Amino acid sequence: MESGPAIFAGVVFALFGGGLLMWTAARVRHRQPVAHGVSPVASAAVATLAALLTLALAAWCFARL
């Protein structure tokens, strides 16, 4: 019964992190800005870091099962 919230949180983190990582990769591959008004390198780095952090949180949630 207590594993339900961990599974839900892990799935949410995994979907968000994976989606953000794929979106960032697509924007960088097409040489389009990830965020307007910000350095392209900095915005891609911050978005990638955020995606990897959420994927790590997903792994942590799944490891708690």
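Which residues form a nonpolar patch on the surface? They are Ile7, Val11, Leu15, Phe62 and Leu65, with about 460 Å² of accessible area together. This is a predicted model, in which local features need pLDDT of at least 70 and side-chain atom pairs count only at pLDDT 80 or more, while totals for chains, interfaces and linings use all residues. Residues are numbered from 1 along each chain as its sequence is written, and side-chain values use heavy atoms, with hydrogens and water left out.

**The surface patch**
- A nonpolar patch joins side chains of Val, Leu, Ile, Met, Phe, Trp or Tyr within 5 Å, from residues with over 30% relative accessible area and no salt bridge (a Lys or Arg side-chain nitrogen within 4 Å of an Asp or Glu carboxyl oxygen).
- Accessible areas come from the Shrake-Rupley method with a 1.4 Å probe.
- Helix H1 gives the most to the patch, with three residues; helices are DSSP runs (H or I) of at least four residues, numbered from the N terminus.
- Leu15 lies in H1 and is exposed (over 50% relative accessible area), at 63%.

**Helix H2**
- H2 covers residues 40-63, 24 residues in total, and reaches 34 Å from its first C-alpha to its last, close to the 34 Å expected (1.5 Å times one less than its number of residues).
- Its buried residues (under 20% relative accessible area) are Ser43, Ala44, Ala47, Ala51, Thr54, Ala58 and Cys61.
- Helix H1 (3-29) is included in what covers these buried residues.

**Ala45**
- Ala45 is found in H2 and is partly exposed (between the buried and exposed cut-offs), with a relative accessible area of 44%.
- Ala45 and Val34 are 11 residues apart in sequence and 9.6 Å apart in space, C-alpha to C-alpha.

Note on methods: Helices (H or I, at least four residues) and strands (E, at least two) are DSSP runs, numbered from the N terminus. Buried means under 20% relative accessible area, exposed over 50%, partly exposed in between (1.4 Å probe, protein chains only). Contact means heavy atoms within 4.5 Å. Patches are made of residues with over 30% relative accessible area and no salt bridge: like charges are joined within 9 Å, nonpolar side chains (Val, Leu, Ile, Met, Phe, Trp, Tyr) within 5 Å.
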